[in-house]
Amino acid sequence: MPGNGGCATGVAAAAFDALPEPVWELRGDDLRVVTANRAARTMAPEGVTVSGSCFDSLGAGLDDPDLLTALRHVLRTGEPARDLHWVRPATARAGPTRYRVDADQVRAVDGTVRGVLARARETGSPRSRLRVLDGGHSAGATAPAAPRPPAHMPDRVPVMRGVRMAAHHIEAPAAVRSGEWFDVIALPGGRVALAVGTVGRQEPAVEATAAGALRAVLADCLLGGGGVADAIDRLDAAATRTPALHGATVALALMDTDDGAIEHARCGHLPVVLRGPGATGSREGLPDDGAGGPLGVGAPRPTVRRDVLQPGGLLLLHTGRPHGDSTPVTEWLGSLARGAGELWPPAVRRDARELGDPADSPAAVDVFAARLLDRVGGANAAPGLTLLAVTRPVRESADFRVEVPAVATELAPLRAALTGWLEELGTTAETVTAVPLVVSELASNTIEHAYRPDRPGRVSVSAAVDGPAGLLVTVADDGNWAGGRLRPGYGLAVARELSDTMRVDTDTDSGTRVEVSFAISRPTVVHPSGPRARLRPAVSGAFEVVERPDEPPVVRVHGPLDLSVVDELRSTLLHASGGGARAVVLDVTATTGIAGAGVRLLYELGRFADPPLRVLAPAGSAAHGVLTVAGLGHLLVERG
């Protein structure tokens with residue numbers, strides 16, 4: 001691949017090559033291979049050069065007439081094909097293997113048909129999604145997952161313009177039937193719906209089905225244009241028809257992220273908490289009027305309240321409370337509201353105050369939720385407790401808009417600017433890595449094809465968050481793409497894999513426009529129930545938590561501190577430190593490298609840690625050098 005793409009192009013090539021399933025790009029009616037990844041190359045007969053060969057000459061059953069006919073149909077019509085049959089004949093070591101092949105027409109950025117991208121997987125295996133890890137590593141396999149909430153709760157919350165949201169859940173042991181559920185639904189027009197509730201303590205399968213039914217009814221109503229009152233009516237009707245939902249509760253808030261206007265109502269559920277600037281019409285942050293009765297039992301409907309969440313304010317929805325606790329519910333609710341008022345916005349270290357309003361930090365709502373859970377007793381006190389915290393930043397991020405000369409030297413500054421914008425938006429480390437890579441690949445194509453070498457033009461990049469659509473990114477030029485030399489297709493193949501949608505528009509009067517979209521979210525933080533000694537990483541071998549009496553917990557990292565572990569490590573550090581309110585030691589002595597995601601995490605959480613986060617990295621170690629250069633030397637200690 002040409003060098004115009006810089007580092008990003010190299011990562012894209014490595015990502016394509018590391019896809020776990022065989023992938024080929026084929027051109028012409030003879031289906032000649034122009035690109036194949038490692039898995040595809042290993043299937044070729046010994047001594048055969050895959051690139052340049054006809055697909056049907058590669059043996060292994062790829063000469064099946066029906067398969068070849070279907071691939072040519074995709075090439076000619078553009079109609080994608082799914083689940084084509086391919087049987088790889090038996091070998092001396094193994095019997096025949098059955099595959100399913102997906103095929104899509106490939107177009108160049110200028111819209112011309114270039115060929116077919118064929119991707120195979122063994123029958124019965126799910127389609128995998130490409131993950132690009134930072135630090136120059138790429139992988140197609142799914143990384144081990146961090147602890148997840150129950151199946152009837154979302155494991156991620158969307159990232160949206162104008163708000164920052166965090167969901168924290170204390171897992172309930174099997175012996176505790178909690179019945180809590182929550183949901184966050186991004187809606188058109190810059191609105192978001194937030195809901196929490198209970199379905200009663202039932203058998204796990206019944207509980208999951210009941211909560212899932214309420215979430216489905218709620219989403220169907222709100223995505224169809226309904227309001228809070230409509231949704232309450234629909235939920236009550238569904239609960240009336242379903243015995244398992246009789247007496248279910250819900251608190252629902254519908255928020256306009258542009259101006260902070262909130263409509264909310266509750267049926268048999270504890271009220272939301274409003275704190276900070278502009279929190280009016282409530283007692284201790286608790287709306288104390290207009291409640292309705294539980295769902296499905298003929299109780300009165302609630303009154304829909306209207307409030308405004310001002311920039312820097314806090315909206316807290318919650319479900320669950322200590323089990324077996326004889327404390328009156330009003331006292332429990334008052335302690336929760338007072339804790340929210342005292343802990344929001346989360347205090348920062350004195351030496352970090354010059355960095356701006358703490359409420360604007362992407363980590364602020366996560367830190368707050370972890371501290372509040374710790375304040376009300378921690379994981380041992382309230383299994384099943386779920387907090388859904390929302391704030392509006394004081395300083396809103398503008399959409400990203402950059403126009404630069406279409407020359408290769410502009411790619412690195414472009415990636416850096418986009419990375420900074422994504423970090424400020426509060427997206428995950430994987431998004432911060434993937435989106436600049438895709439943009440760099442598209443901009444590289446513009447540099448190579450859109451303009452004559454002696455007459456370079458310009459490339460413009462814009463990015464914005466658009467509710468349910470997620471992150472929308474546009475790369476545009478005003479060139480003519482005449483006679484451009486098309487390069488091998490793994491750069492664009494990776495761009496297609498990393499984005500959720502890609503659309504190319506070449507019918508404009510002023511060049512080519514490529515639009516890509518990404519679903520962006522932050523993970524739900526799951527706190528283990530029971531004593532803190534039960535902390536257990538889900539990514540086996542990635543890190544361990546060591547706790548001794550009268551000593552701060554030590555989180556020891558083994559292997560790289562990169563995207564594959566950073567989400568779970570964030571949750572573990574938040575839990576172990578009570579949101580930064582207690583001492584904790586991060587031991588990176590044995591780490592094999594700290595990628596950008598790890599550095600960002602330490603900056604993100606280190607600002608709120610008081611006492612300060614201590615990072616154990618002996619002088620001379622790889623981690624010590626990286627953190628010193630990154631400006632995090634003040635966190636380093638020689639001994640834990």
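Start with R72 and D29. Their side chains meet in a salt bridge, 3.9 Å from N to O. Keep in mind that this is a predicted model. The pair ties together distant parts of the chain, 43 residues apart. R72 sits in helix α3, residues 65-77. D29 is in the loop between β1 (23-27) and β2 (32-36). How accessible is D29? Its relative accessible area is 43%, so D29 counts as partly exposed.

Next pair: E424 and R395. This is again a salt bridge between side chains, at 3.3 Å, N to O. It also links distant parts of the chain, here 29 residues apart. E424 belongs to helix α8, residues 411-425. R395 lies in the loop between β17 (386-391) and β18 (400-405). Now the accessibilities. E424 is partly exposed, because its relative accessibility is 28%. R395 has a relative accessible area of 54%, so R395 is exposed.

Is R570 buried or exposed? Buried, because its relative accessibility is 8% and the cut-off for buried is under 20%.

That pair does not stand alone. D567 and R570 join R156, D366, R522 and E604 in a network of salt bridges. For the whole model, the count comes to 28 salt bridges.

On to helix packing. Two packed helices are described by the angle between their axes and the distance between the axes. Take α4, residues 204-223, and α5, residues 228-241. Their axes come within 9 Å and cross at roughly 145 degrees. The crossing is right-handed. Which residues of α4 make the contact? L214, V217, L218, D220, C221 and L222. From α5 come D230, A231, R234, L235 and A238. By class, that contact has 8 nonpolar residues, 3 charged and no polar.

Last stop: V438. Find it in helix α9, residues 429-449. With a relative accessible area of 1%, V438 is buried. What does V438 touch, leaving aside its neighbours within four places in sequence? The contacts are A495, L498, V516 and F518. One more distance for V438: its C-alpha is 9.6 Å from that of V473, and the two residues are 35 apart along the chain.

That's my tour. Over to you.

Key:
Residues are numbered from 1 along each chain as its sequence is written. This is a predicted model: local features need pLDDT of at least 70, side-chain atom pairs count only at pLDDT 80 or more; totals for chains, interfaces and linings use all residues. Side-chain values use heavy atoms; hydrogens and water are left out. Axes are lines fitted to C-alpha atoms, for helices over the stretch in contact, and angles run from 0 to 180 degrees between N-to-C directions. Helices (H or I, at least four residues) and strands (E, at least two) are DSSP runs, numbered from the N terminus. A crossing is left-handed if the near helix is turned anticlockwise from the far one by less than a right angle, and right-handed if clockwise. Contact means heavy atoms within 4.5 Å. Ala, Val, Leu, Ile, Met, Phe, Trp, Tyr, Cys and Pro count as nonpolar, Asp, Glu, Lys and Arg as charged, and the others, Gly among them, as polar. Buried means under 20% relative accessible area, exposed over 50%, partly exposed in between (1.4 Å probe, protein chains only). A salt bridge is a side-chain nitrogen of Lys or Arg within 4 Å of a carboxyl oxygen of Asp or Glu.
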